[in-house]
Amino acid sequence: MRRFSGPVRWVHRTTAALTLLCVATAACLYVPQLAELVGRRHLLVTVHEWSGLLIPVPLLAGLVARSLRADLRRLNRFGPHDRQWLRAVRRRDHRPGSRPAGKFNAGQKLYAAWIAGAVLVMAGTGLLMWFTGLAPLMWRTAATFVHDWLALAVGLVLGGHIAMALKDPEARRGMRTGSVERRWARREHPLWQEPAAPGERLEHQ
């Protein structure tokens, strides 16, 4: 059954590529061993700055697609079943039916919200560090502190996101090809229904 449209997959892949490039260049700038191995610090700084600024661009460009806007609405909707899903995760409850989810589960919704906020903060603090005339020294010092520690948090959260994806081949297949097996969808996202005719309800939430 169909899970993701072409525009949604394009936005995800492009954003992921820019994010990984930004994280990789940051690691080369802050880890001495990597910095010595790679060299060319000025080039790394330039690539890091521009890849970071470009991260929101694929999403903004993809908003022209109705399918992407529909998925964003689902991600922004948090219902009672999402709270039940979180309680089940906290209790490590793996019983069938203990983790109800629509097209996106509560963990995916929280991750999307957190990473979106983190990108905005990273962009803002990065601009203060890049354009030194925008703010006084105290602001730039605070921006550097926030930027560095939030970058570490982003790296850890991204690592968790990738680890979860590696554990679920069917979820990766959905993002790679756009389609998933019905059995997987019924097991992992029981409240989500395959898109039907125009005007019919897409998801019980």
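Which residues do ring pairs link into a cluster? They are Trp50, Trp130 and Phe131. We'll come back to that trio after a quick look around. Keep in mind that this is a predicted model.

**The whole chain**

Let's start with the overall build. Along the principal axes, the C-alpha atoms fill a box of roughly 55 × 40 × 35 Å.

How much of the chain is tucked away? Of its 205 residues, 30% count as buried. The chain exposes about 13000 Å², and 66% of that comes from carbon and sulfur atoms. As for who touches whom, take the contacts with a separation of 6 or more: 63% of them are between residues 24 or more positions apart.

Charges next. The chain carries 30 positive and 13 negative charges.

**Around tryptophan 130**

Now back to the rings. The count of aromatic pairs comes to four. One of them joins tryptophan 130 and phenylalanine 131, with 4.9 Å from centre to centre and 25° between the planes. Why is this pair called stacked? Because the angle of 25° falls under the 30 degrees that set the limit for stacking.

Where does tryptophan 130 sit? Its place is in helix H7, which spans residues 106-130. Leaving out residues up to four places away in sequence, tryptophan 130 touches Glu49, Trp50 and Leu53. Trp50 is also one of the residues in the ring cluster. Further along the chain by ten residues is arginine 140, and its C-alpha atom is 9.3 Å from that of tryptophan 130.

**Arginine 3 and its rings**

Which rings does arginine 3 lie over? There are phenylalanine 104 and tryptophan 192, and the table gives the distances.

| Charged residue | Ring | Distance from the ring centre |
|---|---|---|
| Arginine 3 | Phenylalanine 104 | 5.7 Å |
| Arginine 3 | Tryptophan 192 | 5.1 Å |

For tryptophan 192, the part of arginine 3 that sits over the ring is its charged end.

Terms used
Residues are numbered from 1 along each chain as its sequence is written. This is a predicted model: local features need pLDDT of at least 70, side-chain atom pairs count only at pLDDT 80 or more; totals for chains, interfaces and linings use all residues. Side-chain values use heavy atoms; hydrogens and water are left out. Buried means under 20% relative accessible area, exposed over 50%, partly exposed in between (1.4 Å probe, protein chains only). Contact means heavy atoms within 4.5 Å. Accessible areas come from the Shrake-Rupley method with a 1.4 Å probe; for residues, only the protein chains shown count as cover. Lys and Arg count as positive and Asp and Glu as negative; His and the chain ends are not counted. The place of a charge is taken as NZ of Lys, CZ of Arg, CG of Asp or CD of Glu. Rings of Phe, Tyr and Trp (its six-membered ring) pair if their centres lie within 6.5 Å; planes under 30 degrees apart count as stacked, over 60 as edge-to-face and the rest as tilted. A charge sits over a ring if NZ of Lys or CZ of Arg is within 6 Å of the ring centre and within 35 degrees of the ring normal. Helices (H or I, at least four residues) and strands (E, at least two) are DSSP runs, numbered from the N terminus.
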